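Thanks for coming, everyone. Please look at the sequence and the model on the screen.

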Amino acid sequence: MAYDVRAVAASLDAELFLGGVDAGVPVNEAILLEQLVVGSAPGFASAVVGSPDAFANALADEALSAHLATCVAVVAEAPASPGLTARLATERITTIHAGAHAVEVAHLTLAARIATDQAAEDRRVTTGTKVLTQVARRGGVVAVVAEMAHRIDGWAVLLDARGELITTAGAGSLHVRDAVAVALRRPVRVRHTGLQVHPVGQGEDISAYLVIGARGPTSRSRDLASQAAALLDLLLRTADIPATERLGREVMLTTLLRGGQEAAALLRRWGVHETSLTAFAVASRSRTIDPESLAIRWLDDLGAAHVLAPLDGRVLGFIRDDRAQDLANIVEQLSSEGRMPLRLGLGSSAKTQLLARSAAEARKALDVAVVDARPVVWYRSLATVSYVLDHLDDGSTARIAAVLDPLRDEEGRHGELLRTLEIYLAEHGVWGATATRLGVHRQTLASRIRRVEELTELSMANPDDRTTAWLAIRALQNAGASPV
């Protein structure tokens, strides 16, 4: 609720005297004094409207006086006498002196404004829920938690069922210990009070905990967090993949690894018509996160066929060459911004009849990613090139890097030509993927590559020249020079 005690006094242009109820407590209802039966609900305050005589009689009743201590007394119709004012202060009853308003007028005014505010809050929650649903489809767990923190003007921490961090948003990374303590009910002192814990799942089927610290209205943040927890339950839960579907994908993957024309024909029947693919292998360090379900969702987002299956505790699959970098970007973002414990290995492009080599490369890259705690590792970035460059002296490295000196501008700096060459080589010479990453037309890309070939006297059609160009780029990077 945004309509608090201070706002109630301001709406009546009345004087506020604080007692047991603070000025920032939200007001959730306005009632007449004769209707008062129980005190205010925890976390809220009821605005109780009455005349000075009615409040004097109520204070004489010990039970009513106790209930009033949790409410806000709105004294209307006539100014309160000094004796009544003193008695209200003695009982520590927060009071709004609105003697200029009739009791009915004050009551109806407050009831209407509170109802309007509640309706506005409901609309905000509904809008927030719609947005959370949309970002869940686009960005998954990380996007939901980030949007949640933004909506409540605070921070959020998502923990798995054992208290291990999945992701944070806002300033959540500073409050992980407090979040773990309140989620698992550990008897330790918490620095940040007023935290809300929302289990993801129900009963014994809890898969995670969403802990939030909100600066905004408590009720809205609670409602939004409940919706977010329900969405996260759907996102984190292991998908109920039919056994026949999984078996079919496993058989298909086995056929692809055997290679030959049979593999290419099977892919065409599966709706994959590319002549080459890039292998990927993905794993998670948290048992709560199912890498197979995540990989399927990523492929859906990228518009790719589900050419993947679990293998030896990890998920192995194949993706179009021009989508491999997009897949890497997804995992990088989830790992860096969302701190999800994911690891991805990517092989090099291979013909559909020879995919076993790319699969082996992806597995090796994943092994390196797990050991080095790196979210994404490309096989092409492994030690082969680094080994060569590390065993060359500075003079030899400089001579290799000098191959690209003709691409420097008049001020001796590298620019768009070197950047174009780097992306072109990184994308294995795929024109469409390179043009997309650079944001240029294919003809512009072709013109730049021709210019690179003219200046360097290297031919991108020659494997040795391509290798020389890539070694030169890596030599520049090792020397601390930026390729752009």
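On the H16 side, Trp431, Gly432, Thr434, Ala435 and Leu438 meet Arg442, Leu445, Ala446, Arg448 and Ile449 of H17. Contact here means heavy atoms within 4.5 Å. Helices (H or I, at least four residues) and strands (E, at least two) are DSSP runs, numbered from the N terminus.

Before I go on, this is a predicted model: local features need pLDDT of at least 70, side-chain atom pairs count only at pLDDT 80 or more, and totals for chains, interfaces and linings use all residues. Residues are numbered from 1 along each chain as its sequence is written, and side-chain values use heavy atoms, with hydrogens and water left out.

Ala, Val, Leu, Ile, Met, Phe, Trp, Tyr, Cys and Pro count as nonpolar; Asp, Glu, Lys and Arg count as charged; the others, Gly among them, count as polar.

Now the geometry. Two packed helices are described by the angle between their axes and the distance between the axes. Axes are lines fitted to C-alpha atoms, for helices over the stretch in contact, and angles run from 0 to 180 degrees between N-to-C directions. The axes of H16 and H17 (residues 442–456) cross at roughly 100° and come within 9 Å. H16 and H17 are therefore roughly perpendicular to each other. The cut-offs are these: under 35 degrees is roughly parallel, over 145 roughly antiparallel, 65 to 115 roughly perpendicular, and the rest oblique.

Next pair. H15 (residues 416–426) packs with H16 (residues 431–438) at about 135°, with the axes 9 Å apart. H15 and H16 are therefore oblique to each other. Their crossing is right-handed. A crossing is right-handed if the near helix is turned clockwise from the far one by less than a right angle, and left-handed if anticlockwise. H15 brings Arg419, Thr420, Ile423, Tyr424 and Ala426 to the contact, and H16 brings Trp431, Thr434, Arg437 and Leu438. That contact of H15 with H16 has five nonpolar, two polar and two charged residues.

What sits in the loop between H15 and H16? His428 lies there. Its phi is near 60°, a positive value in a residue other than glycine. His428 is partly exposed, with a relative accessible area of 35%. Buried means under 20% relative accessible area, exposed over 50%, and partly exposed in between (1.4 Å probe, protein chains only).

Third pair. H15 and H17 pack at about 105°, with axes 10 Å apart. H15 and H17 are therefore roughly perpendicular to each other. Glu416, Leu417, Thr420, Leu421 and Tyr424 of H15 make the contact with Leu445, Arg448, Ile449, Arg451, Val452 and Leu455 of H17. By class, the contact of H15 with H17 has seven nonpolar, one polar and three charged residues.

**Single sites elsewhere**

Another positive phi. Glu77 has phi near 80°, and Glu77 is a residue other than glycine. Glu77 lies in the loop between strand E4 (72–76) and helix H4 (82–90). Is Glu77 buried or exposed? Glu77 is exposed, at 52% relative accessible area.

Ser65 belongs to helix H3 (residues 62–68). Ser65 is buried, at 7%. Leaving out residues up to four places away in sequence, Ser65 touches Ala58, Leu59, Glu91 and Ile93.

Now a strand. Ala309 is in E11 (residues 308–311), and Ala309 is buried, with a relative accessible area of 1%. Ala309 and Val251 are 58 residues apart in sequence, but 8.9 Å apart in space, C-alpha to C-alpha.

Then helix H10 (residues 291–301). Eight of its 11 residues are buried, so H10 is largely enclosed by the rest of the structure. Among them are Leu294, Ile296 and Trp298. Gly303 follows H10, with a positive phi near 70°.

**The whole chain**

Last, the overview. The protein chain has 18 helices and 14 strands. Its radius of gyration is 33 Å, well over the 23 Å that the globule rule gives for 484 residues, so the chain is more spread out than a compact globule. That radius is taken over C-alpha atoms, and the rule is 2.2 Å times the number of residues to the power 0.38. The C-alpha atoms fill a box of roughly 100 × 60 × 45 Å, taken along the principal axes. Buried residues make up 48% of the 484 residues.
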